[in-house]
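Here are a few exercises to work through with the model open beside you. Try each one before you read its solution.

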Amino acid sequence: MRVDLLTREYPPEVYGGAGVHVAELVKALRSDVDVVVRCFGQPRDEPHVYSYLVPPQLGSANPSLATLGVDLQIAQDAEGADLVHSHTWYANAAGQLASMLHGIPHVVTAHSLEPLRPWKAEQLGGGYRISSWIERSAFESAAAVIAVSDGMRRDILRSYPDLDPAKVTTIHNGIDLEKWTPIEDESVVRALGLDPERPSVVFVGRITRQKGLPYLLRAARLLPPEVQLVLCAGAPDTPEILAEVKEGVAELQTTRTGVVWIDRMLDQRELAALLTAATTFVCPSVYEPLGIVNLEAMACGAPVVGTATGGIPEVVDDGVTGRLVPIEQLDDGTGTPLDPERFVRDLADALIEVVSDPVRARKMGAEGRARAERDFAWGAIAERTQDLYRSLVAH
């Protein structure tokens, strides 16, 4: 069976959780499945990986139209595949067109949902209407839709009520437990600006509305003065959200020490060392289908303080591997807290609880590593994905 896996992100051009997921899934599938990767961007030197650039005529077009220019090329080249599997709206049109053109099943993995990211209109303008149309059409016509969490499955069925629930199955994200493992390296973390002798809160994520970074910056004002805040944050969606974060960081740095902002992409070993040294990891997202970064933190032995939204409660065992922060949210797709001040206070309280008891924090971190090993290994996830492929190709 040949499966063409269609994705915008693929190493070395990875900037988010979807790209991490795709890279690990391909690696896990290839022991049993003939996988061809078709991705966006510059040429790769990995066998059976083909990359595609935006056609020159669309170089200055709205990003949604440029995306379709890539998707058309991918759909044409998928001839000969038994099944196509697309990831994110960027590749969904390629999957749907390939399915129609070549008469093969199309599987979609949902890493996020356009109706639940209305702030993308700030980034794409009218292209947000196009990305939303692409996603809806692909989901409703797909042979199967994979949700990365049960929370995501509920969101899919709520966002697309015409979708047959029987076509939507949950297969969780996973983690490479050999790569993501505790790394004790004081010289690395000191070079990154963290003092291992002081308690610390570490955030890793893109600068986008869904990640909740402005709420974290407000909560950090309430932390004890000895607590460090390390922000591994880059790839801003818009100049506006970047300016908001810059202002929040600058204000925080005037009132406390140990506020570190790392805006470059850390290599994997640096990030693992930072997560290992953290007293706690924080995920203040207002929208998070699962959050691979939470699994990475757990695998490195860091307790996770995360918002009780989306798929995060399926990863963080409250009181055992970290703490869940309650949130009541507007039902308008933005995920905005109904009471932002209360959310900020609750987030600060959970962080203070964990950083104030380092012995318990280390125990939570050890429990998190054990949970990652037990429930989120890629081998089992690849096996479930193959079973789905076989059921569709057999039909």
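**Exercise 1.** Work out which element gives the most to the lining of the second largest pocket.

*Solution.* A pocket here is an open set of points on a 1 Å grid over the protein atoms alone, where a 1.4 Å probe fits, with protein on both sides within 12 Å along at least five of seven lines; lining residues have an atom within 4 Å of a point. Helices are DSSP runs of H or I with at least four residues, numbered from the N terminus.

Before going on, two ground rules. Residues are numbered from 1 along each chain as its sequence is written, and side-chain values use heavy atoms, leaving out hydrogens and water. The model is predicted, so local features need pLDDT of at least 70 and side-chain atom pairs pLDDT 80 or more, while totals for chains, interfaces and linings use all residues.

Next, the rest of the lining: 24 residues line the second largest pocket, with Thr276, Ala277, Ala278, Thr279 and Arg362 nearest its centre. Helix H7 (186-191), helix H10 (268-277) and helix H13 (358-375) are the elements giving two or more residues to that lining.

**Exercise 2.** Find the salt bridges that Asp375 makes with Arg371 and Arg374, and say how open each side chain is.

*Solution.* Start with the rule: a side-chain nitrogen of Lys or Arg lies within 4 Å of a carboxyl oxygen of Asp or Glu. Arg371 and Asp375 pass at 3.1 Å, N to O. They sit 4 residues apart in helix H13, so about one helical turn separates them. For Arg374 and Asp375, the closest N and O atoms are 3.5 Å apart.

Now accessibility (buried is under 20% relative accessible area, exposed over 50%, partly exposed in between, with a 1.4 Å probe and protein chains only). Arg371 is buried at 15%, Asp375 partly exposed at 37%, and Arg374 exposed at 56%.

**Exercise 3.** How are the rings of Tyr215 and Phe343 arranged, and which helices hold them?

*Solution.* The whole structure has 3 aromatic pairs (ring centres of Phe, Tyr or Trp, by its six-membered ring, within 6.5 Å; planes under 30 degrees apart are stacked, over 60 edge-to-face, the rest tilted). For Tyr215 and Phe343, the ring centres are 5.5 Å apart and the planes stand at 80°, so the pair is edge-to-face. Tyr215 belongs to helix H8 (residues 213-220) and Phe343 to helix H12 (residues 340-355), so the pair ties together parts 128 residues apart in sequence. Finally, check burial: Tyr215 is buried at 15% relative accessibility, and Phe343 is buried at 2%.
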